[in-house]
Amino acid sequence: MSCERSNTSMTTSTTLTTPVVRNVNVNKITERRDGDSTIVKVDFEQKVTAASPKELWETRYKELVSFVKEFGHARVPYNFHPNTSLGNWVSHQRGYYKDVQKGKPSVSLTEYRIKLLEEVGFEWEVKVPKWDTRYEELSYFVKEFGHARVPQIFQKNPSLGNWIKKQRAGRKKMQRGDPSSMTKRRLELLDKIYFEWEGRGKGVVIPSEEWEVKYEELVSFAKEFGHARVPLKNPSLGYWVSKQRIYHKMIPKGK
């Protein structure tokens, strides 16, 4: 006997960046003969409901634990582009903690949750120099994309592209003997992640590099939203995706 499944029907929808609870029920079972075999067709109805605050907190906490295992600390940047929701959640926990310290009751941050966060090295007061914060963001970019060529206009973190431009300028000043914020320690840290000191120049983009930049943006979009259907409200990436579909249609025609 063989089985086949029909397409799952969704009775409600939810944003993919928010954890969901799915209840799957068998809606209909039918059988038909195909030669000597009986094919059983099962129709599923899947109901999707938004996660409760408790489930959402536990999901973000698990993401924080994974972050700590990968990077060795719990200082998630607010603009952590692989998972912006996590950076925002971490910021909220610190805000709730300040309320608790002032004697204000907090439903979102209980003593038990405070203990869980402290067990993974969570820091309630984080004073990290701005340069170190940007460097960490660049390190995350390198881990995700395999290189440090951040485009000057990087939609997930616009400040990062501008910061990279300043590092190149700082190094040139240092080489000329002019006052510069660049130090030997910073040079070594940037070289450690294969930072490219020679930029392409303002407005100069190699076609193949432009494609790679857009592809990286698409990868980030897919990781955040769970699909690659970029809406037109994201004009730059949406237009690029549209062109890729056109080019794909042209391939079978030999163009």
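Modeller: This is a predicted model, and the protein in it has eight helices and four strands, which run β-β-β-β-α-α-α-α-α-α-α-α from the N terminus on. Of its 255 residues, 33% count as buried.

Colleague: What makes Tyr140 count as buried?

Modeller: Buried means under 20% relative accessible area, and Tyr140 has a relative accessibility of 4%, so the residue counts as buried.

Colleague: Why is the aromatic pair of Phe71 and Tyr140 called edge-to-face?

Modeller: Two rings pair if their centres lie within 6.5 Å, and planes over 60 degrees apart count as edge-to-face. For Phe71 and Tyr140 the values are 4.5 Å centre to centre and 70 degrees between the planes, and the pair is accordingly edge-to-face. Because Phe71 lies in helix 1 (residues 53-71) and Tyr140 in helix 4, the pair ties together parts that are 69 residues apart in sequence.

Colleague: And why is the pair of Trp131 and Tyr135 called stacked?

Modeller: Here the planes are 10 degrees apart and the centres 5.4 Å apart, whereas the cut-off for stacked is under 30 degrees. Both residues lie in helix 4, four residues apart, about one turn of the helix. In general, an α-helix has 3.6 residues a turn, so residues three or four places apart point the same way.

Colleague: How do you know that Trp131 and Tyr135 are buried?

Modeller: With the limit at under 20%, Trp131 qualifies at 8% relative accessibility, and Tyr135 is likewise buried, with a relative accessible area of 12%. The structure holds 11 aromatic pairs, and Trp57, Tyr61 and Trp89 form one aromatic cluster.

Colleague: Turning to helix 6, how do you know that its buried residues are on the same side?

Modeller: The buried residues of helix 6 (residues 184-192) are Arg186, Leu187 and Leu190. They cover an arc of only 100 degrees around the axis, which puts them on the same side of helix 6. The face turned away from that buried side carries the exposed residues Lys184 and Lys192, where exposed requires over 50% relative accessible area.

Colleague: What covers the buried residues of helix 6?

Modeller: The cover includes helix 4 (130-145) and helix 5 (158-176). As for what comes after, helix 6 is followed by Tyr194, whose phi is positive, near 60 degrees.

Key:
Residues are numbered from 1 along each chain as its sequence is written. This is a predicted model: local features need pLDDT of at least 70, side-chain atom pairs count only at pLDDT 80 or more; totals for chains, interfaces and linings use all residues. Side-chain values use heavy atoms; hydrogens and water are left out. Buried means under 20% relative accessible area, exposed over 50%, partly exposed in between (1.4 Å probe, protein chains only). Helices (H or I, at least four residues) and strands (E, at least two) are DSSP runs, numbered from the N terminus. The arc is that of the directions from the helix axis to the C-beta atoms. Contact means heavy atoms within 4.5 Å. Rings of Phe, Tyr and Trp (its six-membered ring) pair if their centres lie within 6.5 Å; planes under 30 degrees apart count as stacked, over 60 as edge-to-face and the rest as tilted.
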